[in-house]
Amino acid sequence: SEVIKRCHRVLLFLSSQQGIGEREAEMIWGASLGKHESVQKIVHELLCDMARSQSLEVLGVLMRLMEPLKPSEYTLQHLDLLRALAFHLSDGGGVEGFEQQYAGLELQWKLVQDDVRFSVPELHSICLKYFCETLETPECREVRSSYFGYCVKNLRLHRSVPPSLVVMTRLLQATAAKRKRCEFGQGMFEGVHDQHELLDLVIADLVHLQTTPFDGPIATPRGGEAPRGDTNPDLEVGADGVYTRLAHLDHRLNFLKTLLELAKTEVSTGQVDTLWDTLTRLPATEQQRNRGFAWFEMSLQGASTREAMMPVAEHLFTNLLCKGDIAGQSEQGFTLFRFSMKFVNWRKGAFHESNEGDKQGFVVKSFELIGTPELWEIAVGAANDAVATEACIFLNELHQSLSEALHHRVAEKREEFIANCMRYMLQAAEGFAGEG
């Protein structure tokens with residue numbers, strides 16, 4: 001190992017001149033076994049640098065030496081070496097003794113599955129990153145569809161879902177780079193017939209996540225474990241030993257966003273009903289529910305996702321949001337309510353919003369706004385003071401932003417507004433008196 005440490009440049013020169021054979025590669029690898037981490041680091045970095053100029057036979061030897069390693073024995077340098085081997089093997093067209101030229105890619109895929117435990121959790125995300133980068137190279141184009149199919153299989157079995165969704169996202173983005181849309185045809189994506197089936201599959205997995213208890217420990221800020229009990233369930237770690245429940249949820253929501261952006265599909269009424277129940281009613285914590293509210297708002301706001309949500313926007317607002325828990329409305333929930341009310345009424349032609357020059361702000365073009373009764377209920381009945389205050393502000397803005405065509409009815413509507421205020425104040429006073 002000391003010779004290797006001092007002769008780094010010499011060995012690289014020999015490697016570039018094809019002076020390193022299978023026997024020499026084994027000797028260099030052996031110099032790291034049982035040695036201090038600093039020595040192992042030098043040896044593995046050397047092998048990584050040598051990989052670009054080695055013959056397929058030498059690469060095959062290094063690959064066979066790596067395969068028996070336990071995940072707990074891996075270091076960052078091992079992953080760097082595996083990335084180099086995966087790339088150069090796929091570029092070389094195969095090695096005798098391997099089933100195919102993608103042996104390095106296969107090993108990377110195995111290392112990001114649920115049953116693998118690295119000594120340091122961060123190595124999981126690094127390995128996943130390296131796998132995606134290798135899969136996106138032109139040399140691996142012919143196996144991308146197969147790995148998409150492996151991800152779909154994981155999704156159906158509810159295992160290794162976060163890494164599978166990351167891989168699927170990268171593949172969808174790579175496919176859509178030139179077309180701006182993903183075309184689910186011609187065998188491009190194995191495991192599903194079309195984008196509609198994939199959307200159903202992701203929603204079904206999301207329901208499984210929200211209805212299945214985690215058996216893992218509780219993650220702590222320092223990466224250790226805390227005893228189970230009255231700790232935050234959002235930080236429970238899944239069977240993978242890496243991702244918390246909240247991280248699992250985020251990965252699924254991010255993939256749903258990507259699918260709506262890149263695949264030409266529309267969300268159905270049944271699907272939005274399931275998503276609403278799963279994201280806002282089933283979650284055990286407010287943080288999870290707020291993630292759901294934020295996702296719905298993002299889907300309606302985003303130019304690339306709005307098209308998919310357009311057919312169900314009014315149903316989402318009138319039948320789900322307006323009939324939800326008014327008194328228990330959270331700040332994030334009300335943010336969604338306010339945007340949805342503007343959006344739905346804008347589509348009806350009753351509302352206009354401008355961001356140009358002196359005309360910034362919105363204009364109410366009709367007194368018959370969908371959601372007005374529910375907005376009043378939130379303003380006077382929300383348990384959260386901040387939500388009630390925001391609702392009152394929004395109500396006042398609506399009554400002060402009328403179009404010129406409605407000015408002849410301003411006096412009449414202001415009387416109604418004041419009468420409503422007095423009625424709710426009287427109800428509140430009677431309630432206080434009854435409690436006394």
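This report describes a predicted model of one protein chain, first as a whole and then at two selected places.

## The chain as a whole

The chain contains 20 helices and 4 strands. It has 436 residues, and 45% of them are buried.

Contacts can also be sorted by how far apart the partners lie in sequence. Among contacts with a separation of 6 or more, 67% are between residues 24 or more positions apart.

## Helices α13 and α16

Two packed helices are described by the angle between their axes and the distance between the axes. Helix α13 covers residues 269-281 and helix α16 covers residues 313-321; their axes are 11 Å apart and meet at an angle of about 50°. Because of this angle, α13 is oblique to α16. The crossing of the two helices is right-handed.

On the α13 side, the contact is made by T269, V272, D273, W276 and R281, and on the α16 side by H315, L316, L320 and L321. By type, the residues of this contact comprise 5 nonpolar, 2 polar and 2 charged.

## Residue H78

H78 belongs to helix α6, which spans residues 76-92. Is H78 buried or exposed? Its relative accessibility is 4%, and the cut-off for buried is under 20%, so H78 counts as buried.

The side chain of H78 has a polar contact, at 3.0 Å, with the side chain of T75. When neighbours within four places in sequence are set aside, H78 is in contact with W29, Q40, H44, M66, L69 and E73.

Technical notes: Residues numbered from 1 in each chain as written. Predicted model: local features only at pLDDT ≥ 70, side-chain atom pairs only at ≥ 80, totals over all residues. Heavy atoms only, no water. Axes fitted to C-alpha atoms, helices over the stretch in contact; angles between N-to-C directions. Parallel < 35°, antiparallel > 145°, perpendicular 65-115°, else oblique. Left-handed = near helix turned anticlockwise from the far one by under 90°. Contact = heavy atoms within 4.5 Å. Nonpolar A, V, L, I, M, F, W, Y, C, P; charged D, E, K, R; others polar. Buried < 20%, exposed > 50% of the residue type's maximum accessible area, 1.4 Å probe, protein only. Polar contact = N/O pair within 3.5 Å; in protein donor to acceptor, adjacent residues only side chain to side chain.
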